[in-house]
Amino acid sequence: MNVSVKDDGACRKIMTIEIPADKISEEKADTLKAYMKFANIPGFRKGKAPKHVVAAKYKKEIDQDLQERVLPKFYHEALLETELKVVNVIDATEVDIKDGEPVSFDVTVDVEPEFKLPKYTDIPVKEEKIEVSDEQVQEQIDGIRNQHANYEEVEGKTIEAGDMGQLTYEATTDGTPLKDAIPEAKGIGSGAGYWVSADDYSFIPGMGEAIIGMNVGDKKEVEVTFPEDFMVKELAGVKALYTVEVTAVRVRTLPEIDETFLSRLQVESEEVLRSSIREQLEAQAENAALGKKHDQIVEYLIKKTTIEVPESVVGQQTRNVIYDIANQRMMMGATQEQITEQMEEIQQEAAGRALENVKLRYIGLGIATELGFEASEVEIDEEIATMAIRQRKDAQALRREMEENGSLSSVGEQIRFNKALDYMVEKAKTK
């Protein structure tokens, strides 16, 4: 067998594999023997038909078997001979197998990049001071009190921001009751006894701000324009006129930091609560500072490394990033229609991020290899267990799923990458 390799772009090679005629004849003879054992041909006992009769009847099947079994065999032998580190097979030429003739075929592959690692010790990083102020602790305590706030109904109170107003309302659009013009509006078009928060989170856009300053018995007309991304799509862009009457008012009361409140939080004292919150804030600050160090190191590695990466790997990563961006935007309220409209912008953003991700992966794993960092089975199992908890899956089932879809190796790679990143943080030069 003869194998030649030529470049076909960055990280892409074309392997030309030539198989001598005698090798093809041997493989074909072995395949024919296998067919002769089980051939069922009228006029002959099973497995007793002459060779030429079996070869004639099963010619198409034998050639197909050679295509599917033998050619991959020689391809893998060629990989061992060339020592190419193939990441994806891009294309393979069609092969016409003829008796007594050699076979030649091309396989186009993407291979791992060859590049020089940058210096990865003494990377200059700016270290931020980790400070947690009393004001930050108080903000957290105020937030907890807000979470446990109660609303109490009061009389003679003008609605202020943060209060709630109980409303009776009726809406029209172009003089027609909204509930009749757009049946999907349901409780949005008219209602009685609905409580509305005097803030930006009112279920009727702008109503929360409009009721500020009103009191029980007050009536008011409020113009509302529903946004294009409103949850009831039939109302998107619709203009409506609401006639509103306030029937009751509630004010928000925060709990005192007393024994009852502290026992609800399962802490012994206010001092313990403040100390616990401070520790949490310090841990968050430390993680944020570490994240910023990571960002600086990543930026340094990308800037200092000249590397071309496989186009097919970037393409795969781009598809993953597109999915992540679209999913994130939908979680933030974007509709499927909006995602479709934004797809060109999403694809451009994803392509840039994917290219950087792939470059960084090869650089980080290259450093991990040079430093001898490995991922043990225990570490891989622990990481899969963590992923399973996050995804609410069984750890063993998740592992089987990753084995089947070929993503298990990425767990070990990420562990090795993280070890390399931790090493670079430890060896970094703080400014």
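Residues are numbered from 1 along each chain as its sequence is written, and side-chain values use heavy atoms, with hydrogens and water left out. Because the model is predicted, local features need pLDDT of at least 70 and side-chain atom pairs count only at pLDDT 80 or more, whereas totals for chains, interfaces and linings use all residues.

Helix 8 covers residues 270-304; helices (H or I, at least four residues) and strands (E, at least two) are DSSP runs numbered from the N terminus. Its 35 residues reach 51 Å from the first C-alpha to the last, close to the 51 Å expected at 1.5 Å a residue, where the expected span is 1.5 Å times one less than the number of residues. Among its buried residues are Leu273, Ile277, Leu281, Lys293 and Leu301, buried meaning under 20% relative accessible area, exposed over 50% and partly exposed in between, with a 1.4 Å probe and protein chains only. What covers the buried residues of helix 8 includes helix 4 (134-147), helix 11 (343-371) and helix 14 (408-426).

Two of these covering elements, helix 11 and helix 14, also take part in the helix pairs that follow. The axes of helix 9 (residues 311-331) and helix 11 come within 7 Å and cross at roughly 125°, the axes being lines fitted to C-alpha atoms over the stretch in contact, with angles from 0 to 180 degrees between N-to-C directions. Helix 9 and helix 11 are therefore oblique to each other, given that angles under 35 degrees count as roughly parallel, over 145 as roughly antiparallel, 65 to 115 as roughly perpendicular and the rest as oblique.

For helix 12 (residues 377-391) and helix 14, the axes come within 10 Å and cross at roughly 105°, which makes helix 12 roughly perpendicular to helix 14. In this contact (heavy atoms within 4.5 Å), helix 12 contributes Glu379, Ile380, Glu383, Ile384 and Met387, while helix 14 contributes Leu408, Val411, Gly412, Ile415 and Lys419.

Lys431, in the segment after strand 12 (429-430), counts as exposed at 68% relative accessibility, and its C-alpha atom is separated by 9.9 Å from that of Ile123, 308 residues apart along the chain. Cys11, in the loop between strand 1 (2-7) and strand 2 (12-19), has a positive phi of about 60° although it is not a glycine, and counts as buried at 13% relative accessibility. Asp174 likewise has a positive phi, near 55°, but counts as exposed at 80% relative accessibility.
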